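User: I would like to learn how to read a domain interface. Please show me the structure first.

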Amino acid sequence: MRSLVAAVAATALGVGLAACGGGDSGSDGGSGGDQTLTYWASNQGTSLDNDKQVLIPVLEQFTKDTGIKVNLEVIGWNDLQTRIQTAITSGQAPDVVNIGNTWAASLQATGAFLPFDNDAMTAIGGKDKFVPTALATGGKAGEDVTSVPLYGLAYGLYYNKAMFAAAGLQPPKTWEEMVTAAQKLTNPAKNQWGMALAAGSYTENVHFAFINGAQNKSEWFDAEGKPTFTSDGNVQGVLRYLDLMQKDKVANPSNAQYDNGTKSVNDFATKKVAMVINQNNADSSIVANGMKAGEYGVVPFPSPAGGEPVASHVAGINLSVFKNTKHKDSTLKFVKYMTDAQTQTTLGKPFASLPVLKDAKPVFTTDAAEAAIFQDIYNTKSKPLPLVPAEDQFESTVGKAMNSMFAKIATGGTVSADEVKAALKTAEDQVAAGS
C-alpha cells in the first residue's frame, strides 16, 4: 500500500487536467445545496464492505450537518495507486481521495492536487491542530502540503510477557538488550525463536532500512533530493537488521519467505516467537490468532546505545483534494470534518489508528499503557520517510535488494558490509537514473 507507480509523476506533469470532481450538481455555493462530493476511501477495515459500514454513518452525519452529500467508493490498496494515476492523466477524478502518506511527495510533484496554503489550512481548522510529525508527511519540505493526515500508525516491539518473565528478562530499552533477550529466547531445536521478521516483504524491509539508518543519524536523500544510499550509517543500519538472521541467529531463516507482516505477527500470536516488530493495528490479528491482550506488552523499537531514538517511520493515511474540483469550499469542509476530534475518535477504534491530532487520546485499544506507548512513538519517536518524488523508487529498489540479501542468508550464505554497500549502490544508481 506504500508503493506508488513510479510513472505517475512523469506522466502527469505533461498532462493538463480536465474538469475534475464527482459532483455535477451546480456551483460551490455557501449553503451546500444539493451538491455531491465523490470520495475515494482506502481499505482500512477487515473488508471493503466493513469500511462502508463504518464510514456511511459518519458521512451521513456530515450531510446532515452541511447539506453536502458524499458519494463513497472504497478502493483496495492493490488498485488505489493505479486508480489515482488514471484519474490524474484522464481528468476523471474524485473530489477527495485517501493516499498512503509515503506517496505524498510523488503525488505533489504531479501538480494535480490542491495545495493547503494558509487559506485552505485555516479552512480545515489550522495546521496547529495536527501532530507536527504527521503533518510533515503531507508533501515536500518547504512547500505547501498537498495532503493532510487522517489515520496514524506506528511500529512497536511486541513481546511475550510470560516468555520474558520465565527467562528473567526485562523489556529491552536498547538494540543490544533486544538481541541479548532474543538470543536467550531462541531454541532452534524446539522451533522457538527470539524474533520473527517479514524478511521477504520489500515494504517491511525498506522501513527498517530507513529506521535503522535514521538511528545511525543517516539520511537516504540529500537536500536536493539526490539519493545517498551508500552512506556508512545506512550500510551499517541495513547490516544490523540483516544480522538478526545472519550473525545473531534469532530469526528463523524461513522468515525470508514471509512476504507480508501478517505472517510474522501470526508466529508471535501463536507463541512460536518471543518478539515481533509491527504497527499498532497488529493488535486485532494477534488476538484473532488466540493470544489474549494481557499476554503481550509493547515498547518502542530500540536503537543501539548512543543512537538516535527513532522507533518508527511516520506511517498512516492522508487526505488529498484534486486541484480542479468544482467544489473547493465543500471539499475543505469535508476535510475539516474528517479531521476533527469527534470524527477521529469515531473512526479510530474500528480502523485501529492513532490520532493525528494534538492532545487526542488513542481508542484503538483499551490497554492504557499500550495506547500511551504507541502515541508517544508516533508523536515523538517517528520520522517521515523521505519527502521526495523518488520515494517510491527508494522503497522498491532498497526493499527488494534486502529481500535478496535475506534470501542469500537463509540459504546458508553470508552478506558482508561491502556487499550491502554494493547492493545499495546499485539501487542508488537505479533511482538516480530514473529521477
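User: Which side chains meet in a salt bridge?

Analyst: A salt bridge is a side-chain nitrogen of Lys or Arg within 4 Å of a carboxyl oxygen of Asp or Glu. Here the side chains of lysine 383 and glutamate 219 form one, at 2.8 Å, N to O. Across the interface of domain 1 and domain 2 the rule finds 1 salt bridge. This is a predicted model: local features need pLDDT of at least 70, side-chain atom pairs count only at pLDDT 80 or more, and totals for chains, interfaces and linings use all residues. Residues are numbered from 1 along each chain as its sequence is written, and side-chain values use heavy atoms, leaving out hydrogens and water.

User: Which elements each supply at least two residues of the side of domain 1 that touches domain 2?

Analyst: Helices (H or I, at least four residues) and strands (E, at least two) are DSSP runs, numbered from the N terminus. The elements are helix H4 (104–108), strand S4 (148–153), helix H15 (368–380) and strand S11 (382–383). H15 gives the most, with 5 residues.

User: Where do the domains lie in the chain?

Analyst: Bounds come from an automatic or database domain assignment. Domain 1 covers 36–153 + 314–383, and domain 2 covers 154–313 + 385–434. Their centres, taken over C-alpha atoms, are 28 Å apart.

User: How many residues are in contact?

Analyst: Contact means heavy atoms within 4.5 Å. In this model, 25 residues of domain 1 touch 29 residues of domain 2.

User: What area do the two domains bury between them?

Analyst: Buried area is the accessible area (1.4 Å probe) that two parts lose on being put together, summed over both. Domain 1 and domain 2 bury about 2,100 Å², 61% of it on carbon and sulfur atoms.
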